[in-house]
Amino acid sequence: MTDIARAAGCSQATVSFVLNNSPGIRLSQQTRERVIEAARTLGYAAPAFSALHPPIPAFEGLDGVIGFAVDQLATSPEAVVAIEGARQASWNAGNVLLVAQTLGDAVMEPRAISALTKRGISALIYMTIFTREISAPDYLYGLDIPVILLNCYTADYAFPAVVPSEIAGGQSSTRHLISHGHRRIATITGEPWMQAAQDRLKGYRRALATADIPFDPELVVEGDWSASAGYAATVKLLALRDRPTAIFCQNDRTAIGCYEALKEAGLHIPQDISVVGYDDEEIARHLFPPLTTSILPHMAMGQWAIEQLEAPAPPGRGRYPITKLECPLVERESVRAVVGSSASSSEASVG
């Protein structure tokens, strides 16, 4: 909403009123159209577009209630964003969403899902907070309603599943820095056991290889997704004899620590070192300078999960492909072309 408000030249409250179709709020049609056009241009979707985009038709087996089970709800914003995406799509089709947090507990999770099914849900969305392959519990196979996996998948492809396209996201982030003339590009990873960290690193390496830039293990520092790890990793990178000209932080919290370490060292972003984050958390817009980052598509994943309920099930048990949704790059002010590079010269000539 902050980005849309800036583009539309209005307050964040006005954006909220328009996109949520808030009753009793008097706004000019011109203002409404300006907000909707700005949102469309930035790639967002909202119920306010329903006049131009017909509601998603309900799966014929739905009776108005969809269950949403997630292992962790309160520890990060991703689950809430995915639920909001599913809520929007559900309401567009006249259905409501019932949400249960399970913590992945072997005893309480099946009880929570049983409680949802007893309330007459016609479909279940099953989400994990960390992207990963799961061994789906037997009770999911035993349900006689559609089951959609969100941010996880099974080896047998028994359920429709959606995950972020993390390799492509890491590749896009690194390629953006390369396009600005950077060749000495460092990355601060997440915890190596996590699939998201592995895939973002693969994308980083692919982008380097595609640009014929040799991989330098000195430029890869392991972090743990936290600001403190981002700070420590950046201090380590700055101590290198040939320090990087750009740092790809594999989440925005890591970038916060990176910013602090760079500023403490007397360096300016992006004049001295460019920085890219990942996840597009709210804080990314308010850093100074605002952080270039990638959108983690949990909102779109929640919407996708609802949309699958209108698709006919394959005959028999069926096999479903894993759907990977793009992590679009949001360009802000934390990246600058390397002085003396062709990209820098091109920017100067345009200016």
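Which residues cover the two faces of S8, and are these residues buried or exposed? Ala246 and Phe248 on one side and Ile247 and Cys249 on the other are all buried, where buried means under 20% relative accessible area, exposed over 50% and partly exposed in between (1.4 Å probe, protein chains only). The model is predicted, so local features need pLDDT of at least 70 and side-chain atom pairs count only at pLDDT 80 or more, whereas totals for chains, interfaces and linings use all residues. Residues are numbered from 1 along each chain as its sequence is written, and side-chain values use heavy atoms, with hydrogens and water left out.

The secondary structure of the chain consists of twelve helices and twelve strands; helices (H or I, at least four residues) and strands (E, at least two) are DSSP runs, numbered from the N terminus. Of the 351 residues of the chain, 51% are buried. Among contacts (heavy atoms within 4.5 Å) between residues at least 6 apart in sequence, 72% join residues at least 24 apart.

Strand S8 pairs with S6 in the parallel sense over four bridges; strands are taken to pair if DSSP finds at least two bridges between them. Opposite Ala246 in S8 stands Ile185. S8 also runs parallel to S9, to which three bridges join it, and Ile247 has Val275 in S9 as its bridge partner. Together, S8, H10 and S9 make a right-handed β-α-β unit. A crossover is right-handed if, with the strands pointing away from the viewer, the path from the first strand over the helix to the second runs clockwise.

The largest nonpolar core has 35 residues. Such a core is a set of buried Ala, Val, Leu, Ile, Met, Phe, Trp, Tyr and Cys residues joined through side-chain atoms within 4.5 Å. Those with the most contacts inside the largest core are Leu177, Leu237, Ile247, Cys249, Leu262, Val275 and Leu291. Two or more residues each come from helix H7 (166-179), strand S6 (185-189), H8, helix H9 (227-238), strand S8 (246-249), helix H10 (252-264) and strand S9 (274-276). With neighbours within four places in sequence left aside, Leu177 is in contact with His182, Ile185, Ala246, Phe248, Ser274, Val276 and Val335. A second, separate core of 22 residues includes Ile66, Phe68, Ala79 and Ala123.

The structure holds four aromatic pairs. Rings of Phe, Tyr and Trp (its six-membered ring) pair if their centres lie within 6.5 Å; planes under 30 degrees apart count as stacked, over 60 as edge-to-face and the rest as tilted. The pair of Tyr141 and Phe159 is tilted, because the ring centres are 5.1 Å apart and the planes are at 50°. This pair links distant parts of the chain, 18 residues apart: Tyr141 is in helix H6 (residues 138-141), and Phe159 is in the loop between strand S4 (147-153) and strand S5 (161-164). Tyr141 is partly exposed at 29% relative accessible area, whereas Phe159 is buried at 8%.

Tyr204 and Phe215 form an edge-to-face pair, 6.5 Å centre to centre with 75° between the planes. Because Tyr204 lies in helix H8 (residues 195-210) and Phe215 in the loop between H8 and strand S7 (220-222), the pair ties together parts that are eleven residues apart in sequence. Tyr204 is buried, with 1% relative accessibility, and Phe215 is partly exposed, with a relative accessible area of 33%. Arg205 lies over the face of Phe215, at 3.7 Å from the ring centre. Likewise, Arg87 lies over the face of Trp91, at 4.2 Å from the ring centre. A charge sits over a ring if NZ of Lys or CZ of Arg is within 6 Å of the ring centre and within 35 degrees of the ring normal.

Most residues other than glycine have a negative phi, and most peptide bonds are trans. A cis peptide bond, with omega about 0°, joins Ile269 and Pro270; Pro270 is in the loop between H10 and S9. The peptide bond from Phe288 to Pro289 is also cis, with omega near 0°, and Pro289 is in the loop between S9 and strand S10 (293-294). The loop between S9 and S10 also holds Asp279, which has a positive phi of about 115°, and Asp280, which has a positive phi of about 55°. Asp279 is buried at 11% relative accessibility, and Asp280 is buried at 11%.
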